[in-house]
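Please read the following explanation with the sequence and the coordinates at hand.

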Amino acid sequence: MTFEVFADADALVEFLTGAASVPSEEGLAMSELDHALQTAYELARVRPDDVELQIAGLVHDVGHSFGSGDEHARLGAHAVRRLLGERVAALVEAHVAAKRYLVTVDPDYGTKLSEGSVASLEMQGGALDAAEVERCDATPWWPAALELRRADDAAKEPGRAVPGLDHWIGSIETLAAKHPRLVQPL
Ligand SMILES: [Fe+2]
């Protein structure tokens with residue numbers, strides 16, 4: 001698929017609907033939509049009041065359709081920024097850096113990663129250096145980025161029953177309404 005910027009909530013929902021027939025990036029017996037829905041559900045459980053974070057979880061891997069490796073996080077963020085706002089985009093972009101951060105600061109974390117995540121870690125730059133860790137710690141929304149990462153890691157369970165895409169459409173529309181697009185000139 002060529003690179004995309006979602007113009008409205010319908011375009012994003014249509015894209016996510018299509019992800020039901022896209023196999024998991026990691027080769028698990030589940031679709032990209034299953035992984036997205038499980039991530040959003042995990043976040044709803046641990047952060048029930050943070051709808052932006054839940055929706056960031058839902059869309060965190062849309063960039064898999066536009067690029068690979070750490071580039072997918074940046075392209076995914078770019079695709080959703082105009083529609084869902086800066087914080088959601090920042091959380092999407094940070095989900096790879098958050099893995100690198102957790103590997104660096106939490107010795108246990110690396111042992112629990114899926115095979116796919118371990119395989120991609122090196123390609124994504126591996127552990128962070130001290131200055132990078134400090135920069136992350138100074139970022140106000142960094143704790144939310146770590147929550148998203150942990151939800152992402154937990155959202156790899158084929159066959160798990162979680163709320164479907166319909167459950168999230170209202171939240172997508174509410175967020176989109178908060179970030180009205182510029183009116184296109186005629
Ligand atoms: Fe993911």
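A crossing of two helices is called left-handed if the near helix is turned anticlockwise from the far one by less than a right angle, and right-handed if it is turned clockwise. The model discussed here is predicted, so that local features need a pLDDT of at least 70 and side-chain atom pairs count only at pLDDT 80 or more, while totals for chains, interfaces and linings use all residues. Residues are numbered from 1 along each chain as its sequence is written. Helices (H or I, at least four residues) and strands (E, at least two) are DSSP runs, numbered from the N terminus.

On the H1 side, Ala9, Leu12 and Val13 meet Ile169, Ile172, Glu173 and Ala176 of H10; two residues are in contact if their C-beta atoms, placed from the backbone, lie within 7 Å.

Helix H2 can be taken next. At 1.5 Å a residue, its 15 residues should span 21 Å, and the end C-alpha atoms of H2 are 22 Å apart, which agrees; the expected span is 1.5 Å times one less than the number of residues in the helix. Because 13 of the 15 residues of H2 are buried, this helix is largely enclosed by the rest of the structure. A residue is buried if 20 or more other C-beta atoms lie within 10 Å of its own, exposed if 12 or fewer do, and partly exposed in between, with C-beta atoms placed from the backbone.

H2 packs against H3 at an angle of about 160 degrees, with the axes 7 Å apart, and the two helices are therefore roughly antiparallel to each other. Angles under 35 degrees count as roughly parallel, over 145 as roughly antiparallel, 65 to 115 as roughly perpendicular and the rest as oblique. H2 passes H3 in a right-handed crossing, in which Ala36, Thr39, Ala40, Leu43 and Ala44 of H2 meet Leu53, Gln54, Gly57 and Leu58 of H3.

H3 also meets H9: their axes come within 10 Å and cross at roughly 45 degrees, so H3 and H9 are oblique to each other. Here Leu53, Ala56 and Gly57 of H3 meet Ala144, Glu147, Leu148 and Ala151 of H9.

A nonpolar core is a set of buried Ala, Val, Leu, Ile, Met, Phe, Trp, Tyr and Cys residues joined through C-beta atoms within 7 Å. The largest such core has 44 residues, and those with the most contacts inside it are Ile55, Val80, Val88, Leu91, Val92 and Leu148. Several helices supply at least two residues each, among them H1 (9–18), H2 (32–46) and H3 (51–59), while the largest share, eleven residues, comes from H5. Leaving aside neighbours within four places in sequence, Val80 is in contact with Phe6, Val59, Val62, Val88, Ala89 and Val92.

Two aspartates complete the picture. Asp152, placed in helix H9, is buried, with 24 other C-beta atoms within 10 Å. Beyond its neighbours within four places in sequence, Asp152 is in contact with Thr39, His60 and His95. Asp34 has its place in helix H2 and counts as buried, with 24 C-beta neighbours inside 10 Å.

Key:
Axes are lines fitted to C-alpha atoms, for helices over the stretch in contact, and angles run from 0 to 180 degrees between N-to-C directions.
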